[in-house]
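Hi there,

Here is the structure I promised to pass on. Have a look at it first, and then read my notes below.

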Amino acid sequence: MKTSGFAMFSVLSSLLVVVSVTTSYSAEDGFIKCIENNSKLFNGVFFLLQTPLTPTFSSSLQTYIRNLRFSQSTAPKPTFILTPSHVSHIQTSIICAKSHGLQIKLRSGGHDFEGLSYVSDSPNFFILDMFNLRSVNVTLQDESAWVEAGATLGEVFYAIAGKSNTHAFPAGVCPTVGVGGHVSGGGYGNLMRKYGLTVDNVVDAKIVDVKGRILDRKSMGEDLFWAITGGGGSSFGVVLSYKIKLVRVPNRVTVFSVFRTYDENFTHLIHRYQKVSADELPEKLFIRLILDVANGKNRARFVALFLGNSENLLSLMNRRFPELGLKQKDCIKMRWIESVLFWADFPTGTPITALVSRVPQVLAHFKRKSDYLKKPIPKSGLEFIFKKMVELKTPLLTFNPYGGRMAEIPPEAKPFPHRGGNIAKIQYAANWDEKGIEAANYYINVTRMLYEYMTPYVSVNPREAFLCYRDLDIGTNRNAAGNGTYYSEEAAVYGVKYFMDNFKRLVKIKTKVDPHNFFRDEQSIPVSQEDEIKI
């Protein structure tokens, strides 16, 4: 059978619309024939299927690649990109992909740090691009919203602000991040000390499972609902939407962003930050610390959100954290929705409509890693790290403080286990503009070196990691490219780092709902044929 590079299907016509030069793709042929045979399910709603022959294929692929490391010509490419606009398209895609041995990659915002939503070790994979499924329906009566997986966080925040100045949602500070990946991986933002993680504020969900059934929380059961709220939804099915619980915020909040250099009692300041940020400051104050190197010297940036006015914030800081030397001129009063722009580093005065743009402010090649800080790094350790950062130049460290509500929620409440006992989550980050493997290897290596230097000061046995900060360095499942059904010790390596004791429960749920491991990637939850899972 000859197939085109471009196709649109609807119930009105089961014919393939050909608009480009034809060629043969055996797996694709079978899949498209299967789609044609099931087109009566589509309710007259079109969807788009693009192959590498389609003129728009490359631009469609690149549009949601947020890490330029994976935009190179050497990166694995999908057999095709399918863009659903109705749930029936997803159901049929699952049925046909299973029948023809194709792997599905789910992409909502494209922010997976290792590109797992659009690259694969499997030669026969396609992208299910969810960006058309992006509705956000806010209901103030019960302070909730139904949000489709293809929406961005910016679109969610903007929709909430359109209904209320005193409601918010605890989610990330990057507005172009997709809801599907962010929520299913746990999700967090600068409201987490007050309200917990993103998934701590999810009350319902809809998913298409491996059998093509549409399930909500009641019909899927509490085990599967638990798994897709922090355990990575793409291991269990295609999440369609989440029902989120809105939270209350003041009509006006206060933010600040201040820099301090190595010449300003730097080591004592950073040491003191570790002491106060999680345990001594109230939950309505979140202060992020970013350490980098500027002009050959160590530098710190403190960025904060306070759910209150500047007078109360200054009084609090003078009592609890005077070492920072915060001044009235540093504090800015604004609406919560404006604080979202502030935290995303938009210029002052940017209209809130910028939040619905799907074009990131900056695109770069990058590498990320994560750690958890259980006890303060001693001053001698800080001096060692500062010295190494000057030597390495590029990678920076970001500390996101815990405590507050995060310390109150038990580790088994959601698959995300990193709760009480943590001072902060640490992100390692390196960005670069240079293209090519040589540059990538250099910057990835210096990031790994900083990670190794931090070994004595972070969690151990396991060295914990955050799923939303995807990092293939901590392990991969070699069975991901195939359709193997066996639990592997390799998967346990990364699984325990991400989920700790919750990993066992995730494996059991995965084995029950997707026993043949159809939904899989290089770090997905594996299935097991053993009653007792060994880790």
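To start you off: is N517 buried or exposed? N517 is buried, as its relative accessible area is 4%; buried means under 20% relative accessible area, exposed over 50%, and partly exposed in between (1.4 Å probe, protein chains only). You'll find N517 in the segment after α16. Helices (H or I, at least four residues) and strands (E, at least two) are DSSP runs, numbered from the N terminus.

Before going on, keep in mind that this is a predicted model, where local features need pLDDT of at least 70 and side-chain atom pairs count only at pLDDT 80 or more, while totals for chains, interfaces and linings use all residues. Residues are numbered from 1 along each chain as its sequence is written, and side-chain values use heavy atoms, with hydrogens and water left out.

N517 has a positive phi of about 60°, although it is not a glycine. Most residues other than glycine have a negative phi, and most peptide bonds are trans. N461 also has a positive phi, about 50°, and is not a glycine either. N461 sits in the loop between α14 and α15 and is exposed, with a relative accessible area of 74%. The bond that joins N461 and P462 is a cis peptide bond, with omega about 0°. P462 belongs to the loop between α14 and α15 too.

**Helix α11 and its surroundings**

Next, take a look at α11. Seven of its eight residues are buried, so α11 is largely enclosed by the rest of the structure. Those buried residues are W336, I337, S339, V340, L341, F342 and W343. They pack against α4, β8 (167-168), β13 (253-261), β14 (285-294), β15 (297-306) and β16 (332-334), where contact means heavy atoms within 4.5 Å. After α11 comes D345, with a positive phi near 65°.

How do α4 and α11 pack? Helix α4 (residues 153-161) meets helix α11 (residues 336-343) at an angle of about 155°, and their axes are 9 Å apart. That makes α4 roughly antiparallel to α11. Axes here are lines fitted to C-alpha atoms, for helices over the stretch in contact, and angles run from 0 to 180 degrees between N-to-C directions. Angles under 35 degrees count as roughly parallel, over 145 as roughly antiparallel, 65 to 115 as roughly perpendicular and the rest as oblique. From α4, the residues making the contact are F157, Y158 and A161, and from α11 they are W336, I337 and V340. By class, that contact has six nonpolar, no polar and no charged residues. (Ala, Val, Leu, Ile, Met, Phe, Trp, Tyr, Cys and Pro count as nonpolar, Asp, Glu, Lys and Arg as charged, and the others, Gly among them, as polar.)

Helix α12 (residues 379-392) and helix α14 (residues 437-453) have axes 10 Å apart and an angle of about 170°, which makes α12 roughly antiparallel to α14. F384, I385, K388, M389 and L392 of α12 make the contact with Y442, V446, M449, L450 and Y453 of α14. That gives nine nonpolar, no polar and one charged residues.

For helix α15 (residues 489-499) and helix α16 (residues 502-513), the angle is about 120° and the axes are 8 Å apart. So α15 is oblique to α16.

**A few single residues**

Both P322 and L324 are in the loop between α10 (310-320) and β16. P322 is partly exposed at 44% relative accessibility, whereas L324 is buried at 1%. Leaving aside neighbours within four places in sequence, L324 is in contact with F256, V258, R260, L269, F302 and M317.

S184 is part of helix α5 (residues 179-184) and counts as buried, at 7% relative accessibility. S241, in strand β11 (residues 238-245), is buried as well, at 8%.

Happy browsing!
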